[in-house]
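Student: Here is a protein model. Can we go through some of the terms used for it?

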Amino acid sequence: MNVYDSERMAEILAPLGYRTALKPDEADLIILNTCHIREKATEKVYSDLGRIKEIKDARIAAGHPLLIAVAGCTAQAEGEEIMKRAKYVDMVFGPQTYHHLPEMLAQAERRRSMGGGPGRGVLNIDFPEEVKFDYFPEISNPQGAAAFLSIQEGCDKFCHFCVVPYTRGAEYSRPAASVLKDARLLVSKGVREITLLGQNVNAYHGEAPQGKVVWGLGRLIRALAEIEGLERIRYTTSHPKDVDQELIEAHRDVKKLMPYLHLPVQSGSDKILKAMNRKHTIAEYLAILHQFREVCPDLVFSSDFIVGYPGESEEDFQATLNLVKAVHYAQAYSFKYSPRPGTPAALMDNHISEEVKTERLERLQSLLREQQTAFNKLMIGRILPVLWEKPGRHREQLIGRSPYLQSVHAELDSSFIGSISSVKIAGATLNSLTGEQLTV
Ligand code: 5AD
Ligand code: SF4
């Protein structure tokens, strides 16, 4: 989502004469787009800011000004704190204010022209009435053949560990007509694969093109699949509670919908799921996976896991390992629980020690790595269609993605970039596949 947002910010700034600098010390404006999901991400903001301050000092000494901005979820959650701790920051603004970037920038420039400090910089952590998407300029410059497209933002789920409902705000779905318009535009600029984005993407309930009724994600996917030239559709991130029949049926009927589903479960223990306020049980989650597999036998799953949630016993953790063994994930992300200020879980009194969290994470990740490697090795000998995205590290080598989102390397000339062609898989490791061109 932050990659997508950063691209939108670049597009908003383009009419003001800004373009992307190649190096930070060549920039007139540096926007640090931040994440607040775990403590580590937030700590990184302050260490990155320290480095950016050095760049600012060096530029000012050389007679070139530099404005520093902090955007994203840490800006939203810790705006005041950033202003206090890092007085050299000129602008701090949250995720729902990006369409106000030109005014905020004008304000910051005015302040700088009056000598900068000691007064504070521009702070905007509002959740405005109007919807930012309505004010974004037309997507002008997709970064390749695979693009992100935000269709939904915010979250009303309030999992007890998570800051997203506070930093991104309430759930909002973009009207289907404007999603379809953006998708057509992306395709006209060479995009072949679109990943629909939302914090809770399958909670999508956008106004239908004819108005009045509302479309769910399944319906939207069917409409997108009709766009000629669009070859692949993906979506992320989904919540088990919002999986409906229409979405399952889309996986049955829509060939362009890729057979890879990121459906985070977080824990394999019903007790922990309840404590997390996830609103479903393991039996329900497994029933959903079963339904997907029934209609689309080659669908593979990915998930997020949190280990060491407050109150997680060894038995609860074992339940997570057992779930992983039962499902066989193609890929997964796993994290140590990180207490976040303002969330209910942070206030619980049964926190797990860092040592135990580290040890559990290692055991879980070792199992997940094993499964991912086994899944990748299953591909050896198969012929897979790959969307070639960029040059590899070696000459005449390209990197692309399989339908299962695996990274594939093959010796191919650069004319293949932006197109889909099949290769025979000759090798597989934890993180990638090697493909060989088919001989005709
Ligand atoms: N601690 C650890 N992981 C977290 N996630 C969200 N909040 C936390 C937290 N407080 C993880 C969840 C989510 C992913 C995006 O980040 O697994 O699915
Ligand atoms: Fe956070 Fe996802 Fe839960 Fe929403 S559904 S609160 S974004 S973990």
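**Salt bridges and burial**

Tutor: Start with Glu193, which is buried at a relative accessible area of 3%. The model is predicted: local features need pLDDT of at least 70, side-chain atom pairs count only at pLDDT 80 or more, and totals for chains, interfaces and linings use all residues. Residues are numbered from 1 along each chain as its sequence is written, and side-chain values use heavy atoms, with hydrogens and water left out.

Student: Why is Glu193 called buried?

Tutor: Buried means under 20% relative accessible area, exposed over 50%, partly exposed in between (1.4 Å probe, protein chains only). Glu193 has 3%, so Glu193 is buried. Arg232, at 2%, is buried too.

Student: What makes Glu193 and Arg232 a salt bridge?

Tutor: The rule asks for a side-chain nitrogen of Lys or Arg within 4 Å of a carboxyl oxygen of Asp or Glu. Here the closest N and O atoms are 3.5 Å apart, and the pair forms a salt bridge. Glu193 lies in strand β8 and Arg232 in strand β11, so the pair ties together parts 39 residues apart in sequence. Strands are DSSP runs of E, at least two residues; helices are runs of H or I, at least four; both are numbered from the N terminus.

Student: Why is Asp28 called partly exposed?

Tutor: Asp28 has 44% relative accessibility, so Asp28 counts as partly exposed. Asp28 forms a salt bridge with Arg59, at 3.0 Å from N to O. Arg59, at 9%, counts as buried.

Student: How many salt bridges does this rule give?

Tutor: The count comes to 26.

Technical notes
Chains are lettered from A and ligands numbered from 1 in the order in which they are written.
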